[in-house]
Amino acid sequence: MQTIIKLAPRTLVPALSRCSKHTLPDLPYDYNALEPIISGEIMKLHHQKHHATYVNNLNVAEEKYNDAKAKNDLNTMIHLQPAIRFNGGGHLNHSIFWQVLCPKEGGNQPSGALADQIKKDFGSFDKMVTQLSNASVGVQGSGWGWLGFNKQEQRLQVATCSNQDPLQATTGLLPIFGIDVWEHAYYLQYKNVRADYVKAIFQIANWKKADELFQKAK
Amino acid sequence: MLTSVVLLAFTVICVQSQTALVLPPLPYAYSALEPVLSEHLMRLHHDKHFDTYTKKTNEALKTIMVDTSANEQLKELAKKPLEEILHDVLHLPEQYQFALRHNGGGYYNHKLFFSMLKAPTATAAENKPTGALLEAIEKSFGSFDKFRELFSAASVNLFGSGWVWLYIDAQTHKLVLNFTANQDNPIMFDKNHVVLLGIDVWEHAYYPVYENRRSEYIDNFWRIVNWPFVAQLYTEGTTKRADL
């Protein structure tokens, strides 16, 4: 249990910074495009509120960090690191997430190099889906399930991260496909039944994009 | 052969009745906390989430009882009241700890939380503790408003899923604010912490009404805090521990 040593201000007020580095990326599709798997209502909240807040809070934290660095204020720099990790991770994770989802396609499966690698490392696509699903459903509290690429060992792996810890910084794996299992990602539609959401999300997986990420990772 | 079957059935039944937790009903109607927490939200929170923690805790305890590789000490612990199990949960072997910590913690936290709530006052300002509890809060935080400000800030700023707690610290005997991640509870860290007040800041606790607006949920939470119940916990906690 972590003791609250110094409480942060009441909210990290999203302030407009002159040097705003990070911006909220547009979705590659309309808010309703992922229906019926993920409702337009969820997509709007998820993108316009949650992701936008990570971007704003990241900019605020980074600006404070840069100020502290300029003054050689190491204490403040360290104090700000959890906020950068959380909001920066949130921004990274969601930026990838929007890309690896796409409107529902019939018979949606990966092909080419990614399909071959999945078969090699998991035995079959279905086995990978089972492993990734179980891991994602099993995340305690908030976090993400990932299919990641281990560059050293040249193989795909399933991993989970808690909260907004980004996959690469936390595990070294390069993200190929991810599932947000924070409750905000599914609650309004799937309520407490995370397993139904995780099962359904494979119908909107953008395997073409995942293959691109894989080719780049290799 | 029949005797052993009967004996086995008897043992299983005994084990089940010793360890089976029951989902307690809410101490009020599902709609009682409207408009702060809607009936829809309360039904989900109690009938789905709390129920799942109940079932899974029972499963986890049963698993320990029937596991032939689990030692006697562990099986004895599994028969104890949940609160006692949670005192030791962080010391359990990894293969048993995860399920018990998460689900047992979830059961314990929600049972406590729902009892800490009551029908809302019109405003947050008019809902305050009185007597010894108020004095203790003022002594520890300077003023009740300052306490509320700190508790609210901690709740807004908690990253991810977890709880914020007001409790009497086992070592210092002072009232402290702290947070736990996921379904952890202060008693997992020291059995003599006396928990007084908690707020669930998992998204499921507020999303159907407040969506992403956690701070709005927290602002309204103060309207539904059942201070007489919290005061009872304080009295019981300070009486049990003569040195407090």
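In the record from UniProt, an unreviewed entry, the annotation "domain: Manganese/iron superoxide dismutase C-terminal" covers residues 110–212 of chain A. In this predicted model, that span is 46% helix and 22% strand, and its end C-alpha atoms lie 11 Å apart. The UniProt entry, again unreviewed, also places the feature "domain: Manganese/iron superoxide dismutase N-terminal" at residues 21–101 of chain A. Over residues 21–101 the composition is 70% helix and 0% strand, with 25 Å between the end C-alpha atoms.

How confident is the predictor in chain A? The average pLDDT of chain A is 92, and 91% of the residues score at least 70. Over residues 3–18 of chain A, however, the pLDDT is below 50. Beyond near neighbours in sequence, this stretch has 26 contacts in the model. Chain B likewise has an average pLDDT of 92, with 91% of the residues scoring at least 70. For the complex, the predictor gives an ipTM of 0.89 and a pTM of 0.90.

Attention may now turn to chain B. Its domain assignment gives domain 1 (39–116) and domain 2 (124–243). The contact between them takes 22 residues from domain 1 of chain B and 28 residues from domain 2 of chain B. The C-alpha centres of these two domains lie 22 Å apart.

Consider next the strands of chain B. Strand β1 (residues 162–168) pairs with β3(B) in the antiparallel sense, over six bridges. Within this pairing, Trp165(B) stands opposite Gly198(B) in β3(B). Why is strand β3 of chain B described as largely enclosed by the rest of the structure? Seven of the seven residues of this strand (residues 194–200) are buried, so the rest of the structure largely encloses it. A residue counts as buried when its relative accessible area is under 20%.

Helix α7(B) has 14 residues and reaches 20 Å from its first C-alpha to its last, close to the 20 Å expected at 1.5 Å a residue.

Note on methods. Residues are numbered from 1 along each chain as its sequence is written. Chains are lettered from A and ligands numbered from 1 in the order in which they are written. This is a predicted model: local features need pLDDT of at least 70, side-chain atom pairs count only at pLDDT 80 or more; totals for chains, interfaces and linings use all residues. Side-chain values use heavy atoms; hydrogens and water are left out. UniProt positions are given in the numbering used here, feature names are shortened, and annotations may be inferred rather than shown by experiment. Helices (H or I, at least four residues) and strands (E, at least two) are DSSP runs, numbered from the N terminus. Buried means under 20% relative accessible area, exposed over 50%, partly exposed in between (1.4 Å probe, protein chains only). Two strands pair if DSSP finds at least two bridges between them. The expected span of a helix is 1.5 Å times one less than its number of residues. pLDDT is the predictor's confidence in each residue, from 0 to 100. Domain bounds come from an automatic or database domain assignment. Contact means heavy atoms within 4.5 Å.
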